[in-house]
Every structure is written in C-alpha cells, then in structure tokens.
Amino acid sequence: MSTLPRAGDSAADPELVPVLARAAAGVPHVLDLTYLPQVDLASGEVVGVDVKLRIAHPHRGLLSPAQFWPAARAAGLTSSLARQAVRRCAREVGTPEPQGSSELRVWIALPGVLVHDPFLPAQLAELAAELAPRTLVLQFGGDGLELTPDLAARIAALRGAGATVAVDDALAWCDWLPSGPEVDAVRLSPRLVRAVTSWSSRGAYPRGAYPRGVYPRGAYPDVTPSVAGLVRLAHRHGLVVAAAGVESWDEGARLCDLGCERASGYLFSPPLTGERANGLLRGHASWVAPNGGLSSVPSPRPVPPH
C-alpha cells in the first residue's frame with residue numbers, strides 16, 4: 001500500500017512549511033494565541049485560561065491546530081513551535097498570583113508526540129520558571145499518547161520540570177488504567193459535554209428498553225451515568241476534571257452537578273487577547289450570570305434565571 005501523502009494533506013504542503021518555520025523562529029504576527037477564561041463551576045471564580053494556538057497564513061487566514069500540527073511534525077518543527085507558544089504565554093499573561101480559593105492555571109494544548117521529545121523537559125524547566133510553580137498545564141492529545149514502556153518516565157520528566165500534565169481526552173486516559181502514567185488532570189471533550197445534555201431534549205430511553213444500537217426515531221441513550229462514573233474515576237486517581245467547549249447554562253450546571261471542577265467555553269467568554277487575559281487573571285474576576293459575562297466582583301455560584 002502506498003504511503004505517499006495525499007493531495008491536500010497539510011503534511012505534504014510545501015507552502016505551509018515556510019510559514020511554520022517563521023512561527024517557530026518567533027517572527028511576529030505568525031503564531032496567533034488567544035485565551036479562553038477557565039471558570040470554577042462551583043464558585044464562579046476565574047481560575048485560569050485555555051490557550052488556543054493558530055497560525056496566520058498569508059493566503060489562507062488563520063489555521064487551526066488540526067491544520068498545521070501534521071505539517072509541523074513532518075518538518076521537524078513541533079518542539080520549536082511548542083517552545084514559542086509557551087514563551088509567548090509566559091510573556092503575555094505574566095506570573096498570575098493565586099486568587100480566592102483556587103490556584104490559577106494556564107492550559108496549553110499540544111500534540112501528544114511531544115511527550116517523547118527528549119529535550120523538552122529541560123527546555124520547559126527554563127520556560128516554566130517564568131510562570132508561577134505548577135501554573136503551566138501541558139494538555140496532550142492525539143498521536144503519541146499510546147501506552148508505551150517509556151511513557152511514564154517521559155511524563156514524570158515533564159512534571160519534574162515544573163509543568164502540570166493533563167490528558168486532552170478523559171476517554172483516552174481510561175485506556176491507561178489500571179496502572180498507567182501519573183498525570184494531574186483530564187479533560188472532558190466537547191463531544192462528551194454535548195452528550196450530557198442532548199439526550200434530555202431528544203427523549204432518553206430506559207436502559208435495556210431497546211436492543212443495543214437500535215434506537216427509535218428521536219430517542220437516544222442517557223450517557224449521564226457514564227460521564228458521572230468517568231468523573232468519579234478520575235477523582236479517585238486524584239485528577240482534576242475540566243470540561244471544554246461549554247456553550248449553554250444547562251451544560252455548565254449539569255457538569256457542576258456531576259463533579260466537574262473547571263470549564264471553559266463561549267458560555268463564559270469569547271476568546272481574549274493576551275492583554276485582556278492578563279488583566280482578567282490579575283483582576284480577581286468571577287462569572288456572575290449566563291447573560292452577565294465576566295465581572296470584577298467575586299460572587300458565589302450563579303443561579304440560573306427563571
């Protein structure tokens with residue numbers, strides 16, 4: 001079977017590699033970073049930010065990670081891009097101080113293959129020193145997180161360098177059990193977030209009421225017990241659970257009831273620039289209402305409007 005790159009594959013795109021090289025070299029206005037506030041679901045406190053990476057292509061506009069990471073990996077630029085992103089985070093959000101009852105975190109999503117980069121721990125130790133201890137959260141996902149004999153040692157080296165390590169998909173983390181590498185946090189993907197609420201509006205059926213995989217029109221299984229069990233399992237292993245892509249009050253409230261501690265998404269705020277994210281982290285902000293957005297006045301857990 002042929003292993004040649006397919007037409008249109010970003011990893012085979014010679015026009016993209018020079019742009020990535022400029023981003024990896026720190027050329028201004030190529031690597032684009034935006035920040036989504038991360039909220040403590042129980043208190044409403046802003047407890048960190050999710051960093052979103054994009055590449056500003058001169059002809060194609062802003063490229064998402066799925067569009068540029070394969071090409072960066074093929075060109076050997078993955079580590080350089082990751083270092084530039086972490087360096088930018090340290091410069092733009094500074095050294096956030098703990099506020100309220102929670103410690104602030106800066107979450108940055110990176111491809112899982114970086115776990116196996118032998119030079120990354122030492123490089124991160126230098127970069128992480130620019131942030132408060134344990135502030136930097138490396139959120140790994142995708143290829144490279146397969147359970148290999150050296151995976152635990154690689155992750156331990158990253159944690160020893162001063163970073164907190166999270167797995168991008170809680171379901172992927174489950175594949176490591178019962179004795180996989182020790183990490184600090186897992187994420188509930190937007191797909192799981194949607195699943196928690198979508199069944200209630202479409203008509204859930206009782207467990208066992210229909211043959212497996214055979215659903216009547218408009219009826220879907222209630223996955224809430226499964227997600228709740230996943231959250232409890234993560235907590236038993238001492239992990240923080242954070243949700244991504246929360247867009248509605250119903251999603252946020254249900255996730256809080258299930259024990260998910262942190263969440264980010266358009267329910268709380270659109271993406272912010274580094275300057276605005278810096279001010280947010282230093283301003284003791286709190287999320288006060290579904291329609292009220294972020295406020296500088298701390299508040300208890302908001303109550304949904306009637």
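Reply: Helices (H or I, at least four residues) and strands (E, at least two) are DSSP runs, numbered from the N terminus. An axis is a line fitted to C-alpha atoms, for helices over the stretch in contact, and angles run from 0 to 180 degrees between N-to-C directions. This is a predicted model, where local features need pLDDT of at least 70 and side-chain atom pairs count only at pLDDT 80 or more, while totals for chains, interfaces and linings use all residues. Residues are numbered from 1 along each chain as its sequence is written, and side-chain values use heavy atoms, leaving out hydrogens and water.

Me: Nice. How many helices and strands does the protein chain have?

Reply: There are ten helices and 13 strands.

Me: And how much of the chain is buried?

Reply: Of the 306 residues, 47% are buried, meaning under 20% relative accessible area; exposed is over 50%, and partly exposed is in between (1.4 Å probe, protein chains only).

Me: OK, helix packing. At what angle do H1 and H3 pack?

Reply: Helix H1 (residues 17–24) meets H3 at about 45°, and their axes are 8 Å apart. The two are therefore oblique to each other: under 35 degrees would be roughly parallel, over 145 roughly antiparallel, 65 to 115 roughly perpendicular, and the rest is oblique.

Me: Is that crossing left-handed or right-handed?

Reply: The crossing of H1 and H3 is left-handed. That term applies if the near helix is turned anticlockwise from the far one by less than a right angle; clockwise would be right-handed.

Me: Which residues make the contact of H1 with H3?

Reply: From H1 come Leu-20, Ala-23 and Ala-24, and from H3 come Ser-80, Leu-81 and Gln-84. Contact here means heavy atoms within 4.5 Å. Four of these residues are nonpolar, two are polar and none is charged. For those classes, Ala, Val, Leu, Ile, Met, Phe, Trp, Tyr, Cys and Pro count as nonpolar, Asp, Glu, Lys and Arg as charged, and the others, Gly among them, as polar.

Me: What about H2 and H3, how do their axes cross?

Reply: Helix H2 (residues 65–74) and helix H3 (residues 78–93) have axes that come within 7 Å and cross at roughly 125°. So H2 is oblique to H3. Phe-68, Trp-69, Ala-72 and Arg-73 of H2 touch Thr-78, Leu-81 and Ala-82 of H3. This contact has five nonpolar residues, one polar and one charged.

Me: Now single residues. Is Ala-66 buried or exposed?

Reply: Ala-66, which lies in helix H2, is exposed because its relative accessibility is 65%. Ala-90 sits in helix H3 and counts as buried, since its relative accessibility is 7%.

Me: Which peptide bond is cis?

Reply: The one from Leu-177 to Pro-178, with omega near 10°. Pro-178 is in the loop between helix H6 (170–174) and strand E7 (185–188).

Me: Where is Leu-239?

Reply: In the loop between helix H8 (224–236) and strand E10 (240–243). Leu-239 counts as buried because its relative accessibility is 5%. Leaving aside neighbours within four places in sequence, its contacts include Trp-173, Ala-234 and Glu-261, as well as Val-183. Leu-239 and Val-183 are 56 residues apart in sequence, with C-alpha atoms 7.3 Å apart.

Me: Last one: which residues of H9 are buried?

Reply: In helix H9 (residues 249–257) they are Glu-251, Gly-252, Ala-253, Leu-255 and Cys-256. Following H9 is Gly-259, with a positive phi near 100°. Glu-247 is in the loop between E10 and H9, and beyond neighbours within four places in sequence it contacts Arg-194 and Leu-267.
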